[in-house]
Amino acid sequence: MRRIFSILLLGALCLCTQVYAQNRADELMKQAQENLAKKEYIKSRYLFLQAYNAFASQDKYGKTVECGVNAAALYHRENYYKEAFELLRGAEQVVAAGEQKSGKALPGLRFRINKERLQMYINLKNPARAKEQLNLMEETAKSARNDSLNNDLLYTQANYYYTFGMNAQGDAAINRLIGQYKEQKEYAKVDDCYKTLIGIARKANNAGLVARTYDKYILWTDSVKALTAQDELNILKKKYDESLATIGEKDDSLSAKQYIIIGLCALAAILAAALLFGGIVLLRFIVLTRKQKKAINIANEHNDLKTKFIRNISVRMEPTLNTLDASHPGVKALHAFSGHIQELSELENSLSEPYEMQEKNIAAFCDALMEQVKGEVREDVTLTVNAPKLNIRINPEQLERVLLHLLRNAAEYTPAGGKIWLDFKKRGAHTHQFIVSDTGCGISEEQRENIFKPFAVVKDLTLGDGLGLPICSLIATKMNGNLTLDHGYTKGARFVLELHA
């Protein structure tokens, strides 16, 4: 009796242990997916590896391969290709053991492993090895006789051929898939095909393919949409043209006002030069000191009038802009330009009024800033913060604004695989530097002299009004510091914000 009871107890214990192990493996996989969504790649990779080993020990082949492929993708994302290939090799051995144990082929799992290998060889620019994997995928899909795998294979073939410039073969693969969906009258999937192909073309930087696909997609859309949709499109186009005409008229009006402002500025400059010359003469004749003071007062009054005039122009623009379509890029740009003009004017008039300061931990402050721009960088751009755990007195709101503007500029111009740094350096008892560096395209010699000067360049406002850096420079001045460009740095752009306590 005792023996039977012991056997039953041991069986129950084994069952509980197995259930716990299965639940633990599922929890590890869930945590890995959550961390992947948060872009915490190293932690996610570690959890996928743990889940991979747990599922492999339970003979859960599908989840084993899923976790292994995800972990391999995270490895080669950081250029650890050796580890990625070894992991896929191990996953393949698990699948082989599963096939032998069950006596059934598992083509879907082999297909997924080969697909990940193919992607790595594409990233390594190795067309020959990539083609080997593509051939294996074709054999696997053929033996599986699975429509889903066949469709995935056609997408993968198109990606491979377009990536390595074989556009004709790529067109053949994608056209075959689209043809199948058209025959089956699965029009939603046809739409998905065109959208996926556009994504593949963009990733391969194939502008010609993007244009051709858009043309085909428009023709396809026109053939299935109702005539009312075309009528609505014509109405929208007409409204768009009318908006463009209205904006053009406003642009002409603004241009005329800009010429007036430029004329006043030129007049003020001529007046200032005349007053300067008069001042030199008046210094020689002490008797005329009174006249000299009067001339200086007149110059100051003119300067105030000029500032007020620019501000009034910006304020007068607002009611007119509010009558236009606020969603149009041109109108948005004019609204932003108007706001920047007013802010620039207010900063110029309040430079002698310093900001309030408070003590902050500089390491935590810089880490929080870099966290804000994580989602704005291109793929594989490395973000680095070098800041000590040191408390200093700053104005956090204005300092954050300046550094975020510099970091977002760096994110915009740094290509995939580049680097962006935010460094803090103590240059003396009361002098600190915040340095933002990148490996982007840099700033040309012609632009360097004017990047901190407002209205130095006339450009399309929808591409930016060029007032961001001049505003940041004035904010730096109000924080008892200065913002400069490091001309000696040649690997991209480097801005130095120096503050004096």
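**Cavities, a pocket and side-chain pairs in a predicted model**

Let me start inside the protein, where the second largest cavity has a volume of about 30 Å³. Please keep in mind throughout that what we are looking at is a predicted model. The residues that line this second largest cavity are Y162, D171, L197, L209, R212, T213 and K216, and helix α10, which runs over residues 207-224, gives the most to that lining, with four residues. Sorted by class, the lining of the second largest cavity has three nonpolar residues, one polar residue and three charged residues.

How many cavities of 30 Å³ or more does a search of the whole structure find? The search finds two, and the largest cavity holds about 50 Å³ of space. Around the largest cavity you will find M357, R393, I394, H432, M479, L499, H500 and A501, and the elements that give two or more residues to this lining are β3, at 391-394, and β7, at 494-500. In the lining of the largest cavity, five residues are nonpolar, two are polar and one is charged.

The element that gives the most to the lining of the largest pocket is α5, with seven residues. By class, the lining of the largest pocket divides into 17 nonpolar, 13 polar and 16 charged residues.

From here I would like to move on to pairs of side chains, beginning with the charged ones. In general, side chains of opposite charge can pair when their charged atoms come close. The structure holds 11 salt bridges, and I will go through a few of them.

In one of these, the side chains of E92 and R117 meet, with 3.0 Å from N to O. This pair links distant parts of the chain, since E92 sits in helix α4 (residues 81-102) and R117 in helix α5, 25 residues apart. E92 counts as partly exposed because its relative accessibility is 24%, whereas R117 is buried because its relative accessible area is 9%.

Another salt bridge joins E132 and R129, whose closest N and O atoms are 3.1 Å apart. Because E132 and R129 are three residues apart in helix α6 (residues 127-144), they are separated by about one helical turn. Are these two residues buried, exposed or partly exposed? E132 counts as partly exposed, at 40% relative accessibility, and R129 is partly exposed too, with a relative accessible area of 37%.

The side chains of E445 and R448 also meet in a salt bridge, at 3.4 Å from N to O. Both residues lie in helix α16 (residues 445-448), three residues apart, which is about one turn of the helix. Here E445 counts as exposed, at 55% relative accessibility, while R448 is buried, with a relative accessible area of 17%.

My last topic is the aromatic rings. A pair of aromatic rings is described by the distance of the centres and the angle of the planes. The structure holds six aromatic pairs. Among them, Y75 and Y80 form an edge-to-face pair, with 6.5 Å from centre to centre and 75 degrees between the planes. At 15% relative accessibility Y75 counts as buried, because the cut-off for that word is under 20%, and Y80, at 38%, counts as partly exposed.

A tilted pair is formed by F85 and Y121, with 5.2 Å from centre to centre and 35 degrees between the planes. This pair, too, links distant parts of the chain, with F85 in helix α4 and Y121 in helix α5, 36 residues apart. F85 and Y121 are both buried. Finally, ring pairs link Y160, Y161 and F164 into a cluster.

Terms used:
Residues are numbered from 1 along each chain as its sequence is written. This is a predicted model: local features need pLDDT of at least 70, side-chain atom pairs count only at pLDDT 80 or more; totals for chains, interfaces and linings use all residues. Side-chain values use heavy atoms; hydrogens and water are left out. On a 1 Å grid over the protein atoms alone, a cavity is a set of points where a 1.4 Å probe fits but cannot get out, and a pocket is an open set with protein on both sides within 12 Å along at least five of seven lines; lining residues have an atom within 4 Å of a point. Grid points are joined across faces, edges and corners, and a volume is the space filled by probe spheres set on the points. Ala, Val, Leu, Ile, Met, Phe, Trp, Tyr, Cys and Pro count as nonpolar, Asp, Glu, Lys and Arg as charged, and the others, Gly among them, as polar. A salt bridge is a side-chain nitrogen of Lys or Arg within 4 Å of a carboxyl oxygen of Asp or Glu. Buried means under 20% relative accessible area, exposed over 50%, partly exposed in between (1.4 Å probe, protein chains only). Rings of Phe, Tyr and Trp (its six-membered ring) pair if their centres lie within 6.5 Å; planes under 30 degrees apart count as stacked, over 60 as edge-to-face and the rest as tilted.
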